[in-house]
Amino acid sequence: MAVGDVTVMNRGKFTFGNNLNLATDTFRCYLLAGWTPNIDTHHFLSDIVSNEISLTGYTAGGITLSSLSWTENDTDDRSQWDFANPNWASIATGTIQYAAIVKWTGSASTSPVLLAIEVSNSNGQSYTITLPATGILHVRQAA
């Protein structure tokens with residue numbers, strides 16, 4: 001995998017099709033280190049939260065995603081999910097390997113892990129995860 005690669009977790013695949021509103025539900029982004037995504041066993045935040053980073057400038061519990069949108073794209077024949085690029089004003093230099101996107105239910109044991117995004121280490125400055133201009137997730141008919 002390389003920086004920017006996205007893994008859709010199996011619980012995420014299930015959750016996307018099970019009464020999820022990508023425009024209005026609450027989603028959080030957590031930064032992780034020392035973790036390798038396991039799409040079969042990392043179902044909930046409680047399965048991965050022990051790998052949340054602990055660096056100055058990062059508050060445990062991640063950040064709530066904003067500017068959520070789930071749109072129809074007739075030009076490219078797909079629907080796409082997008083949100084504002086997650087940003088932290090300043091995180092100390094340190095190891096960060098993944099950003100996990102979680103649907104927040106109010107409890108780590110019931111909040112499903114949807115996506116894992118491979119990210120780069122922080123360099124002691126503002127830290128932003130830049131999403132593709134076309135959104136983070138696309139749904140389209142297989143060819």
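**Entry: Ser-122**

A polar atom of the Ser-122 side chain lies 2.5 Å from the backbone oxygen of Ala-92. A polar atom of that side chain also lies 3.1 Å from the backbone nitrogen of Gly-94. I used this rule: a polar contact is a pair of N or O atoms within 3.5 Å; within protein, one must be able to donate a hydrogen and the other to accept it, and residues adjacent in sequence count only if both atoms are side-chain atoms.

Where is Ser-122 found? Ser-122 sits in the loop between strand 8 and strand 9. Helices (H or I, at least four residues) and strands (E, at least two) are DSSP runs, numbered from the N terminus. Is Ser-122 buried or exposed? Ser-122 is buried, with a relative accessible area of 4%. Buried means under 20% relative accessible area, exposed over 50%, and partly exposed in between (1.4 Å probe, protein chains only).

**Entry: ground rules**

I noted that residues are numbered from 1 along each chain as its sequence is written, and that side-chain values use heavy atoms, with hydrogens and water left out. The model is predicted: local features need pLDDT of at least 70, side-chain atom pairs count only at pLDDT 80 or more, and totals for chains, interfaces and linings use all residues.

I traced an open sheet of 5 strands, in the order 1-8-7-2-3, with antiparallel pairing. Strand 1 (6-8) and strand 3 (63-64) stand at the edges with a single partner strand each, so one side of each has no neighbour in the sheet. Two strands pair if DSSP finds at least two bridges between them. Strand 1 and strand 8 (residues 113-118) run antiparallel and are joined by 3 bridges. Val-8 has Leu-115 in strand 8 as its bridge partner.

I then checked Gly-57, in the loop between strand 2 (27-32) and strand 3. Gly-57 is partly exposed, at 43% relative accessible area. The C-alpha atoms of Gly-57 and Tyr-127 are separated by 9.8 Å, although these residues are 70 apart along the chain.

Strand 4 (residues 69-73) and strand 5 (residues 78-82) run antiparallel, joined by 5 bridges. Ser-69 stands opposite Asp-82 in strand 5. The two strands form a hairpin with 4 residues between them. In the turn, Asp-77 has a positive phi of about 55°. Strand 5 also runs antiparallel to strand 10 (residues 137-139), with 3 bridges. Here Trp-81 stands opposite Leu-137 in strand 10.

How many salt bridges does a search of the whole structure find? I found 1. The side chains of Asp-76 and Arg-78 meet in a salt bridge at 3.6 Å, N to O. The test is a side-chain nitrogen of Lys or Arg within 4 Å of a carboxyl oxygen of Asp or Glu. Asp-76 is partly exposed, at 32% relative accessible area, whereas Arg-78 is buried, at 14%.

**Entry: who lines the pocket**

I listed the lining of the largest pocket: 15 residues, with Gly-4, Ile-117, Glu-118, Ile-129 and Thr-130 nearest its centre. A pocket, on a 1 Å grid over the protein atoms alone, is an open set of points where a 1.4 Å probe fits, with protein on both sides within 12 Å along at least five of seven lines; lining residues have an atom within 4 Å of a point. Strand 8 and strand 9 (127-128) each supply at least two residues of this lining.
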